[in-house]
Amino acid sequence: MAAGVGSRYGGLKQVEPVGPGGELVMDYAVWHAARAGVERAVFVIRRDLERDFHALRGSRYARLLEVAYAFQELDDVPPGFAVPPERQKPWGTAHAILAARERVTAPFIAINADDFYGAAAFQAMASFLRAKRDAAATPDAPGERASGRETPETYAMVAYELAKTLSPHGQVARGICEMGEDGTLRSIAEHTAVERDGDGVRGVAPDGGVRRLTGREPVSMNFWGFRPGLFAHLEERFARFLAERGCDPGAELYLPAVVDELVAERKATVRVLHTPDAWFGVTYREDRDEVMARIRALVESGAYPARLWT
């Protein structure tokens, strides 16, 4: 997902160099993905950026994997709905993924373009998706589906520790997860105004109340593994969202909220994957120096070449 406007950052943070060779955070994501066996990358961008994006980045990525584009546009709404004249911003991350429905026909990883997730996250998710693909190709055992009940979709997400995803330069929003003993996601709730508070963390829960947190809670940083069946769910939820909140010019449909509903309704199960790598990203302009320092340290340790592209 690369169509965001970076409002808190003050510009298009997706195109800010952070690596010693002028690399973008997105460059590392593509590099990780290709090495994990991902065969195709679909970039969700604005239509007017396609030519420049491909010239500056897409053509370079095409050396590693197939490149395609999808466009998140305000008027991409179901029949019977109209875009309010005052609406200026995109419809949210769920709509961004839905924009790629004509470009994605296989199990896929969905990520933000401006987050550094680490190589292990891509390896773990690719292994999960390959295993689920291979299992899906195995014929059902006799009577396995005899009940006629809908079989839940099986997805996955990579979780990170809350305290390690905060910015010292301002508040952030985080999807805080509750997990079952079997390692699956029980719920995910978007908390806003999340920040350090003494020895812990505090944030505003969905009900508007301030919640004290330990900082050890697992959070979603929008690193998901899905199957194409997700798109039907997104279409249904987006139509419902427009019917209920489409007139609100600032309302957005968030991908974690859709996943949370699907889990609650037992239409999906989500395996929570963990990684030893740290997440880091640029939320505020002041975060960029730290991201650059951390990438430089990884390069100096030998984890990455000094230049990803030659």
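Reader: What does arginine 87 lie over, and at what distance from the ring centre?
Author: Arginine 87 lies over the face of tryptophan 91, 4.1 Å from the centre of the ring. A charge sits over a ring if NZ of Lys or CZ of Arg is within 6 Å of the ring centre and within 35 degrees of the ring normal. Keep in mind that this is a predicted model: local features need pLDDT of at least 70, side-chain atom pairs count only at pLDDT 80 or more, and totals for chains, interfaces and linings use all residues. Residues are numbered from 1 along each chain as its sequence is written, and side-chain values use heavy atoms, with hydrogens and water left out.

Reader: OK. And which ring is the charged end of arginine 174 over?
Author: That would be tryptophan 279, with the charged end 5.2 Å from the ring's centre.

Reader: Switching to ring pairs: how many aromatic pairs does the structure hold?
Author: There are 20 of them. Rings of Phe, Tyr and Trp (its six-membered ring) pair if their centres lie within 6.5 Å; planes under 30 degrees apart count as stacked, over 60 as edge-to-face and the rest as tilted. One of the pairs is phenylalanine 116 with tyrosine 304, which is edge-to-face at 6.0 Å centre to centre, with 75° between the planes.

Reader: Which parts does that pair tie together?
Author: Phenylalanine 116 is in strand β4 (residues 115-116) and tyrosine 304 in the segment after α7 (287-300), so the pair ties together parts 188 residues apart in sequence. Helices (H or I, at least four residues) and strands (E, at least two) are DSSP runs, numbered from the N terminus.

Reader: Are phenylalanine 116 and tyrosine 304 buried or exposed?
Author: Phenylalanine 116 is buried, and tyrosine 304 is too. Buried means under 20% relative accessible area, exposed over 50%, and partly exposed in between (1.4 Å probe, protein chains only). Ring pairs also link Phe116 and Tyr304 into a cluster with Tyr28, Trp31 and Phe280.

Reader: Now α7 itself. Which of its residues are buried?
Author: Asp287, Val291, Ile295 and Val299. Looking down the axis of α7, the buried residues fall within an arc of 110°, so they line one face of the helix. The arc is that of the directions from the helix axis to the C-beta atoms. The face turned away from the buried side of α7 carries exposed Asp289 and Glu300.

Reader: What covers the buried residues of α7?
Author: The cover includes α1 (25-35), β4 and β12 (280-281). Just after α7, glycine 302 takes a positive phi of about 95°.

Reader: Which non-glycines have a positive phi?
Author: Asparagine 222 is one, with phi near 60°, and arginine 266 is another, at about 60°. Asparagine 222 lies in strand β10 and is buried at 10% relative accessible area. Arginine 266 sits in the loop between α6 and β11 (268-274) and is exposed, at 71%.

Reader: On to α5. How far does it reach?
Author: α5 has 16 residues and reaches 22 Å from its first C-alpha to its last, close to the 22 Å expected at 1.5 Å a residue. That expected span is 1.5 Å times one less than the number of residues.

Reader: And what's buried in α5?
Author: Leu230, Phe231, His233, Leu234, Arg237, Phe238, Phe241 and Leu242. Down the axis of α5 these residues fall within an arc of 160°, so they line one face of the helix. Cover for the buried residues of α5 includes α3 (93-98), β3 (108-110), β5 (153-161), β10 (218-226) and α6 (255-264).

Reader: Which residues touch the most other members of the largest nonpolar core?
Author: Ile97, Trp224, Phe226 and Leu234, out of 38 residues in that core. The largest share of this core, 6 residues, comes from α5. A nonpolar core is a set of buried Ala, Val, Leu, Ile, Met, Phe, Trp, Tyr and Cys residues joined through side-chain atoms within 4.5 Å.

Reader: What is phenylalanine 226 in contact with?
Author: Leaving aside neighbours within four places in sequence, phenylalanine 226 is in contact with Pro107, Phe108, Ala110, Leu129, Tyr155, Leu255 and Val259. Contact means heavy atoms within 4.5 Å.
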